[in-house]
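Subject: Structure handover

Hello,

Here is the structure I said I would pass on. Please have it open while you read the notes below.

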Amino acid sequence: MIAQTIPARVDDDIVLRCYKEQDLPLLVKALDQETTQFLGDTIPQPYTMEDALEFYDKKKTAVMQQKQWQDGWIFAIEYQGQYAGAIGYKFSGDIEKRVAEIGYWLRKEMRGRGIMPRAIKGLVQILYNNTDCMRIEAYPFEVNLASQRVLAKAGFEFESLQRNKFFKRGKIHNAVLMVHLKDVKE
């Protein structure tokens with residue numbers, strides 16, 4: 001079960017863990033227009049401390065009740081003891097119930113240190129080792145070449161171009177489907 005693996009030490013520098021209340025000021029500062037340009041619209045803009053507290057309270061309650069781990073979760077990424085960003089997953093349903101989709105972001109000042117490929121590799125291992133997941137998908141915007149490079153470094157492969165996939169800030173955007181497959185026998 002995933003809950004029993006958290007916090008998860010990815011390497012000497014990186015830990016995937018639940019959010020802490022002291023992360024919230026950095027979370028609010030980080031979720032500005034630039035950071036959220038490639039994230040879903042469920043993140044309010046502007047992002048306020050009230051939004052962060054509501055997010056934190058929901059996650060804290062879910063942890064205490066042992067809920068949501070099998071459907072999806074958002075982890076804080078800690079780098080050398082500092083809050084660096086977030087990474088999460090959600091499972092599809094029905095006949096795709098063994099397929100997970102991941103999403104992630106880093107604080108601006110944490111970028112360029114190789115953190116995210118390592119965090120993604122850590123999450124991939126958590127999913128494959130603790131669930132029946134057989135496929136992990138990510139949908140970076142076509143124009144977000146940095147995110148595509150991060151995924152490639154983490155072992156993901158290009159599968160397809162998804163035309164007109166997103167509608168964000170009044171514009172239609174293409175996405176790239178990148179996948180990581182578990183080595184399974186049919």
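Leaving aside neighbours within four places in sequence, which residues is Ile102 in contact with? This is a predicted model, and in it Ile102 touches Gly88, Tyr89, Ile120, Leu123, Leu127, Ile136, Glu137, Ala138, Leu151 and Phe156.

Ile102 belongs to the largest nonpolar core, a set of 36 residues. Ile102 is also among the residues with the most contacts inside that core, along with Leu16, Ile77, Ile87, Met116, Ile120 and Phe156. At least two core residues come from each of β2 (14-17), β3 (72-79), β4 (82-91), β5 (99-106), α4 (115-130), β6 (135-138), α5 (145-153) and β8 (171-181). The largest share is that of α4, with nine residues. As background, nonpolar side chains in soluble globular proteins tend to be buried together.

Now the sheet. It is open, has eight strands with mixed pairing, and runs in the order β1-β2-β3-β4-β5-β6-β8-β7. At the edges are β1 (8-9) and β7 (157-168), each of which pairs on one side only. Four bridges join β2 and β3, which pair in the antiparallel sense. Leu16 has Ile77 in β3 as its bridge partner, and both residues are on the list of those with the most contacts inside the largest core.

Regards

Terms used. Residues are numbered from 1 along each chain as its sequence is written. This is a predicted model: local features need pLDDT of at least 70, side-chain atom pairs count only at pLDDT 80 or more; totals for chains, interfaces and linings use all residues. Side-chain values use heavy atoms; hydrogens and water are left out. A nonpolar core is a set of buried Ala, Val, Leu, Ile, Met, Phe, Trp, Tyr and Cys residues joined through side-chain atoms within 4.5 Å. Buried means under 20% relative accessible area, exposed over 50%, partly exposed in between (1.4 Å probe, protein chains only). Contact means heavy atoms within 4.5 Å. Two strands pair if DSSP finds at least two bridges between them.
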